[in-house]
Amino acid sequence: MEVFKKEIQRLTASSGANIQKPSSSKIHFKVVHFLMEASVKLSLESVTTASACIFYHRFFRQRKLSNYDPHLIAATCIYLATKVEEQPVRMRDIINVCHRMLHKKSPKLEIGPEYWELRDSIVNCELLLVRVLQFKLNSELPHKYMLHYLKSLRDWMDTDVWLTTPIAKTSMSTLCDSFHTDLCLRVKPQHLAVAAVYFALQCYGVEVPCNLQAEKQWWQVRSGVWQLRVRGLSG
């Protein structure tokens with residue numbers, strides 16, 4: 001059942017004869033952004049949001065977009081991720097946030113037929129989602145690797161440089177943004193984490209001490225990633 005039918009119609013409708021419909025990748029990008037926004041409004045932790053994004057990308061790697069309402073899938077991924085990551089959130093809160101984001105001009109959703117229809121849709125969609133994911137719900141996330149890399153760099157680098165340059169914040173922002181696409185399914189989590197840190201260092205022109213003189217680059221020591229691989233991901 002298409003719970004957020006009006007929104008997906010808005011995304012896929014053409015506003016003119018010469019305007020092409022958005023590609024599936026563009027729709028997925030917008031829906032994942034919707035998922036992330038909803039997660040912020042629900043005060044979810046970054047690992048919970050990341051798990052929800054991974055569930056979404058895994059689902060649509062195996063299923064055609066045209067057969068499902070992506071906003072329903074996204075809302076269900078949030079609900080499932082809160083269970084997997086043990087950050088309980090009431091389904092009513094998820095429904096209210098998602099509904100308000102998609103129908104900004106509509107009245108507040110009250111308990112009634114529409115609410116129960118939305119709730120039943122998410123419950124049924126959760127069963128479908130779990131089956132499509134083959135009950136494999138524990139994802140290895142890059143966050144723990146990033147924390148390890150950042151702590152090592154902090155101890156390694158000049159204190160003033162570390163305190164005045166937002167390397168950690170930029171690295172985490174870059175990592176979170178990467179979940180807009182299915183890169184998280186195509187790249188090992190440790191490689192994704194080190195690429196985000198590498199990108200942050202490049203943005204601010206920060207050199208890791210003794211890196212140029214070292215036999216191995218810092219990212220090879222920390223993650224076993226070859227230079228070309230890291231530069232390819234962050235370039």
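Good morning. A helix here is a DSSP run of H or I with at least four residues, a strand is a run of E with at least two, and both are numbered from the N terminus. The expected span of a helix is 1.5 Å times one less than its number of residues.

The structure is a predicted model, in which local features need pLDDT of at least 70, side-chain atom pairs count only at pLDDT 80 or more, and totals for chains, interfaces and linings use all residues. Residues are numbered from 1 along each chain as its sequence is written, and side-chain values use heavy atoms, with hydrogens and water left out.

I begin with the whole chain. The protein chain holds 13 helices and zero strands. Of its 235 residues, 48% count as buried; buried means under 20% relative accessible area, exposed over 50%, and partly exposed in between, with a 1.4 Å probe and protein chains only. A contact means heavy atoms within 4.5 Å. Among contacts in the protein chain with a separation of 6 or more, 73% are accounted for by residues 24 or more positions apart.

Next, the interior. A nonpolar core is a set of buried Ala, Val, Leu, Ile, Met, Phe, Trp, Tyr and Cys residues joined through side-chain atoms within 4.5 Å. The largest such core has 68 residues, and L35, Y56, C77, I78, I167 and F179 have the most contacts inside it. Helix α4, residues 70-84, supplies the largest share of this core, nine residues. One of the residues with the most contacts, F179, touches V32, M36, A50, C53, I54, H57, P142, H143 and C184, leaving aside residues up to four places away in sequence.

At the N-terminal end, D69 caps α4, with a side-chain oxygen 3.0 Å from the backbone nitrogen of H71. After α4 comes E86, whose phi is positive, near 55°, in a residue other than glycine. E86 lies in the loop between α4 and α5 (91-102) and is exposed, with a relative accessible area of 70%.

S43 is found in the loop between α2 and α3 (46-62), and is exposed at a relative accessible area of 57%.

Is H28, in contrast, buried or exposed? H28 counts as buried because its relative accessibility is 16%. This residue lies in helix α2, residues 24-41, and touches Y56, F60 and L65, not counting residues up to four places away in sequence. The C-alpha atoms of H28 and T181 are separated by 7.7 Å, although the two residues are 153 residues apart along the chain.

Finally, helix α6, residues 113-132. Its 20 residues reach 28 Å from first C-alpha to last, close to the 28 Å expected at 1.5 Å a residue. Which residues of α6 are buried? They are Y115, L118, S121, I122, C125, E126, L129, V130 and V132. These residues lie on the same side of α6 because they cover an arc of only 160° around the axis, taken from the directions from the helix axis to the C-beta atoms. An α-helix has 3.6 residues a turn, so residues three or four places apart point the same way. On the other side of α6, P113, N124 and R131 are exposed. The cover over the buried residues of α6 includes α3, α4 and α5.

Thank you for your attention.

Note on methods:
A polar contact is a pair of N or O atoms within 3.5 Å; within protein, one must be able to donate a hydrogen and the other to accept it, and residues adjacent in sequence count only if both atoms are side-chain atoms.
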